[in-house]
Amino acid sequence: RQAWLLHVILWIGIVVVTLLEIVDIATLPGNWLRCVAVIIFIVSINLLLLIQNRLGRVRLASSLSVFSMWVLITMLIATEGVLHAPEASAYLVIVFGAGLLLGTGAGVFTGIACTLTTLVFVWLEYKGHFFPRKVPHTTFTFWYTQAFYTAMIISLQWLANKSIKDSLFQARHELAERKRAEDFLRENEKRFRIIVEQTGQLIYDLDVVTGRIQWLGAVEQLTGFSAAEFQMVDI
């Protein structure tokens, strides 16, 4: 299930980021080289991670996916020269994805890492260490960037809900199978007990590790003890 989640998330990342950068090229043609570099980075990294995922290295690929996205967003903000870059909201997507792929602990760790990264940018901006803003953004740029990030979060929510539903369905199926197996064994045990009682036989099951014996059959008829009393008889 985790491998399937990672597979879908990596393809969502490729499609969404590529579309986002294509729109960036259309609206900000002077920024095309940066957009192409982002597309090449996300496509090449995600394709390599898809291969690792297919080879069974699911957790490693998941961790590298979260880390590579953190690196990409951090570099984009740093090259923007301002903390208020549209890409800053992508940290929320990274945290969501980390929790979904690697569990709550990884999500908390990623959230702390992203928060500290943002705090470093705040400090750099306060000290005036950021370069002058190189990428001119408009209100429309901010809008469609947030729309793409919202689409990614909705996709991750759908994956999370589907994973929960699949897990619950599998759990119900396994419980039903276990109940059928227990009912079958209980019925067989009942029939076996009736057979040995009616034929006047006494049988036992010895646990060689604990030395405990379970007695079955015509215990009372053959020994004079009740079934509960005779369970105290050891080897």
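The questions and answers below concern a predicted model of a protein.

Me: How many helices and strands are there in the protein?
Reply: From the N terminus on, the elements run α-α-α-α-α-α-β-β-α-α. Counted by type, the protein holds eight helices and two strands.

Me: What is the radius of gyration of the protein, and what does the globule rule give for 235 residues?
Reply: The C-alpha trace spans about 100 × 35 × 30 Å along its principal axes. For 235 residues the globule rule gives 18 Å, and the radius of gyration lies well over that, so the protein is more spread out than a compact globule. The two values asked for are 31 Å for the radius of gyration and 18 Å for the rule.

Me: Which helix gives the most to the lining of the largest pocket?
Reply: The largest pocket, with a volume of about 210 Å³, has among its lining residues W70, I94 and F109. The helices α3 (58-80), α4 (90-102) and α5 (104-127) each supply at least two residues of that lining. The helix that gives the most, with five residues, is α5.

Me: How many residues of the lining of the largest pocket are nonpolar, polar and charged?
Reply: The lining includes S63 and T110, as well as V66, F67, L102 and C114. Divided by kind, the lining residues come to nine nonpolar, two polar and no charged.

Conventions:
Residues numbered from 1 in each chain as written. Predicted model: local features only at pLDDT ≥ 70, side-chain atom pairs only at ≥ 80, totals over all residues. Heavy atoms only, no water. 1 Å grid on protein atoms, 1.4 Å probe; cavity = no way out; pocket = protein on both sides within 12 Å on 5 of 7 lines; lining within 4 Å. Points joined across faces, edges and corners; volume = space filled by probe spheres on them. Helix = DSSP H or I, 4+ residues; strand = E, 2+ residues; numbered from the N terminus. Nonpolar A, V, L, I, M, F, W, Y, C, P; charged D, E, K, R; others polar. Rg over C-alpha atoms; globule rule 2.2 N^0.38 Å.
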